[in-house]
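This report walks through a set of computed features, from the overall fold down to single side chains. Keep the viewer open while reading.

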Amino acid sequence: MREARTLPPAAGRPRSRFAVAAALLHLSRGLLVQSRAALALLGLTMGLAALLASAGAQVWRGTPAGYEALHASTGAPHAWFLLPQHPLRETAAAVVAADPSVAAQAIVAPVATVSMLVEQEGAARAVDVRAYGWPPGGAVHSTLGGAGGAAGAEGGGAFGGMGGGADGAANGPLAGFALLEGRWPAAGSPEVVLDAGLAAALGLPAGADVRLVGRDGPVAVRIVGLAASALQCPYPDCAPAPAVVPAELLAQLSAAPHMLLGVRLHDPQAAPAFVFAARRRAAAYGVLAEGGNWRDLVAQQQLTASLSAGFLVLGGGLSLLAGAAVSAHVVAAAAVAGRRVMGLGRAVGFTPRQVVAAFALGCGAVGAAAGAAGSRVGWLAARAWLAAGSAWTAAAAGGAGAVPASDWTPGFVALAVAVVAAATGARAARGGAWASPGAAVAGAGGSVPVRLNLGRLGARPFILLWPVRPLVPALAVAISMTVGTGALVLAGTLAAFSRDPAQLGVFHQLTVERNGLDPSAVDRIVEAVPGVAGFHREGWLRVDVPEAAESIIVRGLDGDWRELPWRVLAGRFIQEPGEIALGTSAMERLGVQPGDHVEVVLGQRRARWRVAGAYLELANYGLAGAVAWETLADLQPAAQPAAWLVRLDRAADAGTVRALLLEAGGGGIAVSAAGFEPPAAVRTAGRLVGGLSLLLAGVAAVAVVQGMAAAVREQRRDIAILKAIGMTPGQLVAGAVTGVVAATAPGSGVGAVAGVLLSEIGFRIASAMTGIGGLAPVQPWALVAALTAAAPLAAGLAALPPALAAARARATELGGEEI
Amino acid sequence: MGVCSTEFVVDARGLTKAYRDGEIRYPALRGVDLQVAAGEFVALMGPSGSGKSTLLHLIGGLDRPDDGALRVAGHDLPGMGETALAIFRRRCVGIVFQYFNLLHHLDALTNVMLPALLSGTPAREARTRALALLERLGIGHLAAKRPPQLSGGERQRVAIARALINEPALLLADEPTGSVDRAAAGRILDMLAAAHAEGRTVLLVTHDPDVAARAGRVVQLRDGKILAQAAPA
């Protein structure tokens, strides 16, 4: 038909492109209308792929956007500091606030960490909260010159105005806090506004009564509102969770609270560097300030979201692959069924290219519609999911609504899906389109020969019917097996970590924290309680490493810790004074290797420690290190252990020992259960992978059913012959089902291997990304083997309905006019 | 599934059959009575649409009558399930179709072997029997060829070999010479005659009087009814 292009148009006849397009549409409809079920499947798989990919993009973009929106709408500071009690604290704060980088003070407030006691179902639970006092009790700007003036110029010149947000976007009594439910506490009243994430975790509604216990006394309060804070990541990833109380109440709880100083910067992107420099300046006055900044929280959110978004996008990609395979399959079946229409089209003058275009048009239209619908649904579902799952995003969505309602992503996803669908349609149509019209018409619906495998089962031969295009069900099973194996590995690993937290370097079952008691008194209590096998003490310090312009947390180990099986990843664990072992992230951020030395600074004190090695450190995403107590005490002689990490006898019951400890402590200690609790992001990822594997298993089942239905349809002539010469329905069903099992078994094996490999790689990536390092999955081999064996059997079961339908049909029904 | 009785091979009484397309009903057989004794060679003749192929399908257990009694080789076909019918087709009848109905991607030898394999015959024995049959029909040298590589007459000989491999009591042939040239048709009829000479009952559908002339009895059908039965002229 190529030479037709060179022919001149018929003289005197007008040519219309619209007429050609209309003819193509008619042909497209004729080709596809007889394959409605196939098109529905094509739409289903493509829509699913678009949904997952679009949802992944929304989660990736929406999670940090939710925080940024909350940050902007609450006038939150770009950098903030917690300054402990110190004679020069006001001066240090003033120096920090007077830095030329500072545009304004956003918040100055008293802060204290207190315990919250909750009575639920007859049992008391104690949880730490970080209580922020309102209205602020300090007055940094009153002792300052420039910075106070700047604050006054932008924030109104008073704490009340400052607390409402430097930009005047008052969202509450404290900059950086957004009220999600209820109201703010009334001044001087025994009321608290609690972090929404903590309230949800504890099942505490607004209106519930709790007790706050500080160093200087307990107070009974009522929860009058739930809030989200832009000053730390959501509970439980960040603890203690924030709470807002009237300043008078905070004074009753703690007579010597920390001071929170939050500032907005001229260059918000420079916040991390500003925090490091400011802490160094405050340290020059002997004030050891904790610091935080908004850029780190954005990064933390991206890290958290990357896991979920990664799984969603990966799922979308796999669905697209499965969808493409399935659609290629069903379109090929439609092409076989539509061969007569193709031949007729060719006979009346359509060129082969036009026939292919008509098929691509039809499939592309279905893909575009499904892709558009799926991507939009995914986008909106992810928005709702983010809003429901994150107090930050919920606050932002209810406030400024900065989570993008839409952007190019859904459209791009829909376009990509449509292109894939059109391409598979075009590819499948090629063979029929270029066949001679006479042959195509004579094909009268087309037929694909049945593929037999004549085997021997014992002494008796058996006949195995292979499905047409066996790669499709095999690929679909392989993809679902890959994800299913990943879900098994993730679940198995989390379960193994929970059963044996020592794999993660958690060797204790209970954590005892002193609440005013002398360390030696806590020692005596812990030693006296039956069921305690041993314990060691820990105290924590944040130190600066000027050479790397970084700060790390250092845990000082005291007591019975040397024999514990620390998970060493490089070099060795600490053995002598003056040594430090580092978490992987700390090792990388400081740019050191085992054997190197690091100089650390704490206020005016300095120390030079030798890096003994790297170990598995879960705290602070691995940005931490461990030293012997005497090493820590050399740097900070006043340091005291804060936590007792208690190991129990094998037969001891943790609940009983905890009750005994609490009774013996008489309120002077707090006891909490230790162990491994997967972070929220990991739990979400696990649910996603599990759900995804179910979805893909569904796609695979549909692919198998569709494949077998297509096999029956396309091979009906040969099946009719086999029945005519004596193949029984049982032999037909057994042959077809065994064929599907045989065709999908390699796919199942390949998928399982891919799942195991991907989970290994995924763990390495996640381990490196989080900075923890050294995390390895625990492969549940028995379960993986069982799943690998079960998947082809399930595929065989899925093939039963169409195989039974073929078995029930008579030879003359299947064979048509030929028999 | 019992053995195939050879005393009264076909005994059909009052057979009716109609095809449906939606609400429309197309009668194909309207009360056909036919008896074929063991060892007979019967030709069913009639114009297109007279019901002769339908009758053959019913006798071969490929389809079921709407009404009437049908006993073939000692089996009451209307009362049998699909599995029993398949075993009946496999053991008691061999069917030769006008369009050969061979599996195109299998070679001639495997096509012939298939009914024996379906019966559970060990593959080695099935192969030996199939090869012997192909040799007997003069196409042993074509055993490795696939049907598209064979002529129409050669394909039909392969189909006859397939029909004979399980040594059925009844051989059914539906226009076996309809798709081959005259010379090939003669050879095919010779083979059917040879099968008859071996003691098999042969039931042949044709609209060609010359073909029917090879039979011992000709049954004339028209509009789904038997018009006449007689020895060929």
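## Chain A overall

This is a predicted model. Chain A contains 25 helices and 22 strands. It has 819 residues, and 54% of them count as buried.

Take the contacts in chain A between residues at least 6 apart in sequence. Of these, 81% join residues at least 24 apart. The accessible surface of chain A is about 33200 Å². Carbon and sulfur atoms account for 60% of that surface.

## Nonpolar cores

In soluble globular proteins, nonpolar side chains tend to be buried together. The largest nonpolar core here has 46 residues. Within this core, A:F81, A:L83, A:L260 and A:F274 touch the most other members. Strand 2 of chain A (residues 102-120) gives the most to this core, with six residues.

Neighbours within four places in sequence are left aside here. A:F274 then contacts A:A79, A:F81, A:V96, A:D99, A:S101, A:V102, A:V263, A:L265 and A:R281.

## Aromatic pairs

How many aromatic pairs does a search of the whole structure find? The total over all chains is seven. Ring pairs link A:F507, A:W561, A:W566, A:F573 and A:Y615 into a cluster.

A:W566 is buried, at 12% relative accessibility. A:F573 is buried too, with a relative accessible area of 9%. The other pair is A:F573 with A:Y615. Its ring centres are 5.3 Å apart and its planes stand at 80°, so this pair is edge-to-face. The pair links distant parts of the chain, 42 residues apart. A:F573 sits in the loop between strand 16 (568-571) and strand 17 (579-583) of chain A, while A:Y615 belongs to strand 19 (residues 605-615). Both A:F573 and A:Y615 are buried.

## Buried charged residues

Is A:E617 buried or exposed? A:E617 has a relative accessible area of 1%, under the 20% limit, so it counts as buried. It lies in the loop between strand 19 and strand 20 (624-628) of chain A. Its side chain makes a polar contact of 2.8 Å with the side chain of A:R555. A second polar contact, of 2.3 Å, joins the side chains of A:E617 and A:Y615. A:Y615 is also the edge-to-face partner of A:F573. Beyond four places in sequence, A:E617 contacts A:R555, A:G583, A:G622, A:A624 and A:I772.

A:R279 is in helix 8 (residues 271-283) of chain A. A:R279 is buried, with a relative accessible area of 8%. Beyond four places in sequence, its contacts are A:F81, A:A289, A:E290, A:G291, A:R542, A:D544 and A:S551. Of these, A:F81 also belongs to the largest nonpolar core.

## A charge over a ring

Which ring lies under the charged end of A:R295? The ring is that of A:W294, and the charged end sits 5.2 Å from its centre.

## Positive phi in chain B

Most residues other than glycine have a negative phi. B:A73 has a phi near 50°, and B:D223 has a positive phi of about 50°.

Each is found in a loop. B:A73 lies between strand 4 (67-72) and strand 5 (75-76) of chain B. B:D223 lies between strand 9 (217-222) and strand 10 (225-230) of chain B. Their accessibility can be set side by side. B:A73 is buried, at 1% relative accessibility, whereas B:D223 is exposed, with a relative accessible area of 52%.

Terms used: Residues are numbered from 1 along each chain as its sequence is written. Chains are lettered from A and ligands numbered from 1 in the order in which they are written. This is a predicted model: local features need pLDDT of at least 70, side-chain atom pairs count only at pLDDT 80 or more; totals for chains, interfaces and linings use all residues. Side-chain values use heavy atoms; hydrogens and water are left out. A nonpolar core is a set of buried Ala, Val, Leu, Ile, Met, Phe, Trp, Tyr and Cys residues joined through side-chain atoms within 4.5 Å. Buried means under 20% relative accessible area, exposed over 50%, partly exposed in between (1.4 Å probe, protein chains only). Helices (H or I, at least four residues) and strands (E, at least two) are DSSP runs, numbered from the N terminus. Contact means heavy atoms within 4.5 Å. Rings of Phe, Tyr and Trp (its six-membered ring) pair if their centres lie within 6.5 Å; planes under 30 degrees apart count as stacked, over 60 as edge-to-face and the rest as tilted. A charge sits over a ring if NZ of Lys or CZ of Arg is within 6 Å of the ring centre and within 35 degrees of the ring normal. A polar contact is a pair of N or O atoms within 3.5 Å; within protein, one must be able to donate a hydrogen and the other to accept it, and residues adjacent in sequence count only if both atoms are side-chain atoms. Accessible areas come from the Shrake-Rupley method with a 1.4 Å probe; for residues, only the protein chains shown count as cover.
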